Structures are given as structure tokens and as C-alpha cells.
Amino acid sequence: MSRSYGRNPALKILDSSGASRLISGRANTATLSFTSEEVDVTSFGALYRERIADALRDWNVDIAGFWDGAASQIEEILHGILAACTSLCFGPSGSGSGAVQYSGCAILMDYSVESSVEGAVTFSAAFVAASVLNRGQWA
């Protein structure tokens, strides 16, 4: 199994005009999480818990990085799609030909900007699933 260095992931979204935007240049963390509901069907008197094996699945993507308020930059892009469904493509090891790509539709549910005396202005954003997440490869 090959290992990848995490400094060049690719993250593309569609902005409010429908243009594909590479936003990984302003991000410094990206997390893709997969979850599955635990449906407990244990009845009285059981010695062990019983669960349904094929429960509903979910995914989300959280990103954070350095804020940029200039036109056509991260602030304008994320502000324009807040609470909207957008196409999202994530490549944990980059977007080179043959690299793993996860893609699907997601809703930007949370967008925050943080300023402090001691550091750079940063942002964080949380996308939640609005469709199946497809696993493929970058072309």
C-alpha cells in the first residue's frame, strides 16, 4: 500500500455562479469523515446488543485555513454558497492522474471566520452530505 504526503490535497467546489473553484490553496486542514447509524434492535432478556448491519451511511467534509476577503477568493466563494447544495471533489493526495477522488453534492452548513491578536485571520467550513459520495480517480 502506498503512503501519501498530506501537503497537496485537492478540494474543488462549485461557486454560486456554477464555476469550478479550487479552494485547497487557502486551506491547511481538510477532513473527510464517514459515519454509519447504529440501529439498536436489542430486545428484553438479550445477553448481547443486537444491531442492524446495513444502517444508513453519511459523510461530511470539514476544512479550515487562511481567510482572504478579496474578490473571487475564499470568503466570497464560501459566503455565496452558505446553506446551498454544491458539487464537491476531494483528493486527499492531490489531483494527479489516477489519484483517489471523492465526489458528491454537499451543503455548506457552517462557515466561520476567526481573528485574534496573536495570529492570522482564519476560516473554517463544514459541508454535510446531500448525495451519495462517489469514489473514483482524477483524470
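Trainee: Is C89 buried or exposed?
Mentor: In this predicted model, C89 counts as buried, because its relative accessibility is 17%, under the 20% cut-off.

Trainee: What about C105?
Mentor: C105 is in no disulfide either; its nearest cysteine sulfur belongs to C85, at 4.5 Å. A disulfide requires the sulfur atoms to be within 2.5 Å. As for accessibility, C105 is partly exposed, with a relative accessible area of 31%.

Trainee: How many disulfides are there in the whole structure?
Mentor: The search finds 0.

Trainee: Changing topic: which residues have the most contacts inside the largest nonpolar core?
Mentor: They are I13, I63, L78, L88 and F127, in a core of 21 residues. The elements giving two or more residues to this core are β1 (10-14), β4, α1 (74-81), β5 (85-91), β6 and β7.

Trainee: What does I13 touch, leaving aside its neighbours within four places in sequence?
Mentor: Its contacts include A19, I23, I77, L78, I81, L88 and F127. Among the others are S20, R21, T86 and S87.

Trainee: Where does F127 sit, and what stands opposite?
Mentor: F127 is in β7, opposite V61. Strand β7 (residues 122-129) runs antiparallel to β4 (residues 57-66), and 7 bridges join the two.

Trainee: How many bridges pair β6 with β7?
Mentor: There are 8, again in the antiparallel sense, with β6 spanning residues 100-114. For instance, S112 has S124 in β7 as its bridge partner.

Terms used
Residues are numbered from 1 along each chain as its sequence is written. This is a predicted model: local features need pLDDT of at least 70, side-chain atom pairs count only at pLDDT 80 or more; totals for chains, interfaces and linings use all residues. Side-chain values use heavy atoms; hydrogens and water are left out. Two strands pair if DSSP finds at least two bridges between them. Helices (H or I, at least four residues) and strands (E, at least two) are DSSP runs, numbered from the N terminus. A nonpolar core is a set of buried Ala, Val, Leu, Ile, Met, Phe, Trp, Tyr and Cys residues joined through side-chain atoms within 4.5 Å. Buried means under 20% relative accessible area, exposed over 50%, partly exposed in between (1.4 Å probe, protein chains only). Contact means heavy atoms within 4.5 Å.
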